[in-house]
Amino acid sequence: MSPQPPTPPKPSFTITPAAVDAADAVPVLRAYFTELCRRYYSRPITDEDVDAAMADEPGADLRPPTGVFLLARQSGVVAGCVGVRLLDAYAELTKMFVLPEFRGTGLAPRLLTAAEDHARAHRSPEMRLGTRLDLVEARSFYARSGYRDIDRYGDDPYAECWFAKPLVAA
């Protein structure tokens, strides 16, 4: 029986709060909105499309006391982001994104855990999110992460399916 090759170590990431409009946050958010626009439109997208999407949802509420915006970095390089809105009855996940070159590294579950931990620390009983049908990878990821389908909530004009997960204190 041949020995198993050693398992390579998981990449090390730091996940810390940042201003949604900080210089190092803007490029990852632009990549996020570029991917959303690319999937949404059935035509080539323009910089103006991305600018409009970013202006439509600036995320100004993703700062204390109404929320948080988290950036993930590997060796100082931004690798992904996630936002959490802190609402009265629940927390809401938004702007979850891992840059393509960091996909498959385990960063998405780490970002989701950091967002859920932040919501728990603010005593949110549940995390909710809305997403689109064409974001099949995201929908599959949320289902694997313990999120269940729920009825429509909120007024996001782009959301087509909604998920929730109870946040039980650890």
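## Cysteines

Cysteine 81 counts as buried, at 0% relative accessibility; buried means under 20% relative accessible area, exposed over 50% and partly exposed in between, with a 1.4 Å probe and protein chains only. The model is a predicted one, in which local features need pLDDT of at least 70 and side-chain atom pairs count only at pLDDT 80 or more, while totals for chains, interfaces and linings use all residues. Residues are numbered from 1 along each chain as its sequence is written, and side-chain values use heavy atoms, with hydrogens and water left out.

A disulfide is a covalent bond between the sulfur atoms of two cysteines. The structure holds zero disulfides, the criterion being a pair of cysteine sulfur atoms within 2.5 Å. Cysteine 37 is in no disulfide, and the nearest cysteine sulfur, that of cysteine 81, is 14 Å away. Cysteine 37 is also buried, with a relative accessible area of 5%.

Helices (H or I, at least four residues) and strands (E, at least two) are DSSP runs, numbered from the N terminus. In helix H2, residues 47–56, the buried residues are Asp49, Val50, Ala53 and Met54. These residues lie on the same side of H2 because they cover an arc of only 130° around the axis, the arc being that of the directions from the helix axis to the C-beta atoms. On the other side of H2, the exposed residues are Asp47, Glu48, Ala55 and Asp56.

The partner of the buried residues of H2 is helix H1 (26–40), against which they pack. Contact here means heavy atoms within 4.5 Å.

## Aromatic pairs and charges over rings

A pair of aromatic rings is described by the distance of the centres and the angle of the planes. Rings of Phe, Tyr and Trp (its six-membered ring) pair if their centres lie within 6.5 Å; planes under 30 degrees apart count as stacked, over 60 as edge-to-face and the rest as tilted. By this rule there are nine aromatic pairs. One of them is edge-to-face and joins phenylalanine 13 to phenylalanine 102, with 6.2 Å from centre to centre and 70° between the planes. This pair links distant parts of the chain, 89 residues apart: phenylalanine 13 is in the segment before strand E1 (14–17), and phenylalanine 102 is in the loop between strand E4 (91–98) and helix H3 (107–121). Phenylalanine 13 is buried, with a relative accessible area of 13%, and phenylalanine 102 is buried as well, with a relative accessible area of 9%.

The pair of tyrosine 142 and phenylalanine 163 is tilted, because the ring centres are 6.3 Å apart and the planes stand at 45°. Tyrosine 142 lies in helix H4 (residues 136–144) and phenylalanine 163 in strand E7 (residues 161–166), so this pair ties together parts that are 21 residues apart in sequence. Both tyrosine 142 and phenylalanine 163 are buried. Ring pairs link Phe141, Tyr142, Tyr147 and Phe163 into a cluster.

Arginine 43 lies over the face of tyrosine 41, at 4.3 Å from the ring centre, and the charged end of arginine 128 sits over the ring of tyrosine 153, 5.3 Å from its centre.

## The nonpolar core

In soluble globular proteins, nonpolar side chains tend to be buried together. A nonpolar core is a set of buried Ala, Val, Leu, Ile, Met, Phe, Trp, Tyr and Cys residues joined through side-chain atoms within 4.5 Å. The largest one has 48 residues, of which Phe69, Leu71, Val84, Leu93, Leu107, Met127 and Tyr142 touch the most other members. Leaving aside neighbours within four places in sequence, methionine 127 is in contact with residues including Val84, Leu93, Tyr147, Phe163 and Ala164.

Alanine 164 is placed in strand E7 and is buried, at 0% relative accessibility. Not counting residues up to four places away in sequence, alanine 164 touches Glu126, Met127, Arg128, Gly146, Tyr147, Arg148 and Ile150. Alanine 25, in the loop between E1 and H1, is likewise buried at 0% relative accessibility. With the sequence limit of up to four places, its contacts are Ala19, Val20, Phe69 and Leu71.

## Backbone features

Most residues other than glycine have a negative phi, and most peptide bonds are trans. The peptide bond from proline 64 to proline 65 is cis, with omega near 5°; proline 65 is found in the loop between H2 and strand E2 (67–74).

Lysine 95, in strand E4, has a positive phi of about 55° although it is not a glycine, and lysine 95 is buried, with a relative accessible area of 2%. Arginine 123 has a positive phi of about 60° and is found in the loop between H3 and strand E5 (126–131). Arginine 123 is exposed, with a relative accessible area of 76%.

Notes. A charge sits over a ring if NZ of Lys or CZ of Arg is within 6 Å of the ring centre and within 35 degrees of the ring normal.
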